[in-house]
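Visitor: I am new to protein structures. Could you walk me through the terms used for this one?

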Amino acid sequence: MSSKFLGKSLAQLNEEMGIAPDISVLTGTERVVVKPIPLVQISPNPDQPRKTFDEKELHDLSESIKEQGVLVPIILRTVQNKPYLYEIVAGERRYRAAQMAGLSEIPALVKTLSDNNAMEIALIENVQRENLNPIEEAQAYQNLMEKCGYELADVSKLIGKSESYIRNLMRINSLPESVKALIKEGRISASHARTIAVSDDPESLAHDIINNKLTVAETQNHVKQTNRSKSSRTFNQNTLDSAYVAKIESKLSKHLDATVKLREKRGGAGQFVISFSNRVQMEDLINKLSK
């Protein structure tokens with residue numbers, strides 16, 4: 001594209017050139033379409049990792065959009081059996097700001113994606129841009145493992161962070177809601193939160209951190225002097241042998257002709273996650289499981 005078009009909004013380009021045709025880009029075996037999509041046909045993704053949006057940042061972005069337009073397309077996928085409706089995969093912040101700016105449509109990449117792929121892209125975009133607070137990030141990792149059947153190693157490779165980082169961050173999911181609220185407010189850090197997650201009384205320790213301005217090292221010493229969470233101890237002591245887990249998964253996967261993952265939880269509880277790639281396989285699984 002000529003340099004004279006750089007920085008111009010979609011509306012300005014349409015004024016000068018008329019309504020431009022959809023841009024079709026071949027990526028691998030999939031043809032990805034870039035086109036303006038009416039905002040009324042778009043809905044947020046319920047599995048979007050980011051749950052909170054700063055109102056001031058949205059306002060600033062909306063003002064920029066009024067001046068320059070949306071310079072980076074959002075990513076959408078079509079809603080099954082509803083070809084004129086779309087779900088956001090990445091770019092909900094731009095979508096919200098476009099609404100605030102009074103736009104009627106937004107440039108978008110329309111891709112064909114499975115639920116797993118959509119969750120992957122949404123998580124990667126938010127983690128790379130550091131848009132997530134620790135609570136959102138920890139929950140996103142847990143969703144990938146529980147809903148998509150991912151192993152810890154899979155998530156680590158996907159986002160480029162170590163397994164120990166992910167494992168430690170996911171401890172936050174076990175904290176009381178009152179402590180999670182303090183993390184969201186920025187009153188205690190993610191490092192503090194990971195440290196007190198194994199304590200039997202994390203709420204009391206959280207307030208000690210705030211009132212006494214404890215460092216992470218000082219918090220670790222406090223944790224050592226308190227009782228560890230019984231559920232944490234039970235989980236660590238009773239974790240199934242990895243070879244036994246692999247044997248169970250292999251046996252069920254072969255029997256059902258589908259990928260099966262065993263997810264162990266605290267206190268001996270757990271769940272089996274069965275993945276299918278299409279509706280035909282789903283119906284086949286329903287028939288096998290209902291017999």
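Predicted model: local features only at pLDDT ≥ 70, side-chain atom pairs only at ≥ 80, totals over all residues.

Visitor: What makes the contact between aspartate 60 and lysine 56 a salt bridge?
Guide: A salt bridge is a side-chain nitrogen of Lys or Arg within 4 Å of a carboxyl oxygen of Asp or Glu. Between aspartate 60 and lysine 56 the N to O distance is 3.1 Å. That value meets the cut-off, so the pair is a salt bridge.

Visitor: Why are aspartate 60 and lysine 56 separated by about one helical turn?
Guide: Because they are 4 residues apart in helix α2 (residues 55-68). Helices are DSSP runs of H or I with at least four residues, strands are runs of E with at least two, and both are numbered from the N terminus.

Visitor: How is aspartate 60 classed, and why?
Guide: Aspartate 60 has 40% relative accessibility, so aspartate 60 counts as partly exposed.

Visitor: What makes lysine 66 and glutamate 63 a salt bridge?
Guide: Their closest N and O atoms are 3.2 Å apart. Both residues lie in helix α2, 3 residues apart, which is about one turn of the helix. Lysine 66 is partly exposed at 48% relative accessibility. Glutamate 63 is partly exposed at 34%.

Visitor: Where does lysine 66 stand relative to alanine 98?
Guide: They are 32 residues apart along the chain. Their C-alpha atoms are separated by 8.3 Å.

Visitor: How do you know that lysine 288 and aspartate 284 form a salt bridge?
Guide: The closest N and O atoms are 3.3 Å apart. The two residues lie in helix α14 (residues 279-290), 4 residues apart, about one turn of the helix. Lysine 288 has 29% relative accessibility and counts as partly exposed. Aspartate 284, at 33%, also counts as partly exposed.

Visitor: How many salt bridges does the rule give?
Guide: The count comes to 8 salt bridges.

Visitor: Why are Phe272, Ile274 and Leu289 called a patch?
Guide: Patches are made of residues with over 30% relative accessible area and no salt bridge; like charges are joined within 9 Å, and nonpolar side chains (Val, Leu, Ile, Met, Phe, Trp, Tyr) within 5 Å. Phe272, Ile274 and Leu289 form a nonpolar patch on the surface. Together they have about 280 Å² of accessible area, computed by the Shrake-Rupley method with a 1.4 Å probe, where for residues only the protein chains shown count as cover. Phenylalanine 272 is in strand β8 (residues 270-275). At 48% relative accessibility, phenylalanine 272 is partly exposed.

Visitor: What is a nonpolar core, and which residues touch the most other members of the largest one?
Guide: A nonpolar core is a set of buried Ala, Val, Leu, Ile, Met, Phe, Trp, Tyr and Cys residues joined through side-chain atoms within 4.5 Å. The largest one has 33 residues, and Tyr141, Val155, Ile172, Leu175, Ile183, Ile188 and Ile196 touch the most other members. Helices that each supply at least two residues include α4 (115-128), α6 (152-159) and α10 (202-212). Helix α5 gives the most, with 6 residues. In soluble globular proteins, nonpolar side chains tend to be buried together.

Visitor: What makes lysine 161 sit over a ring?
Guide: The test asks for NZ of Lys or CZ of Arg within 6 Å of the ring centre and within 35 degrees of the ring normal. The charged end of lysine 161 sits over the ring of tyrosine 165, 4.9 Å from its centre.

Conventions
Residues numbered from 1 in each chain as written. Heavy atoms only, no water. Buried < 20%, exposed > 50% of the residue type's maximum accessible area, 1.4 Å probe, protein only.
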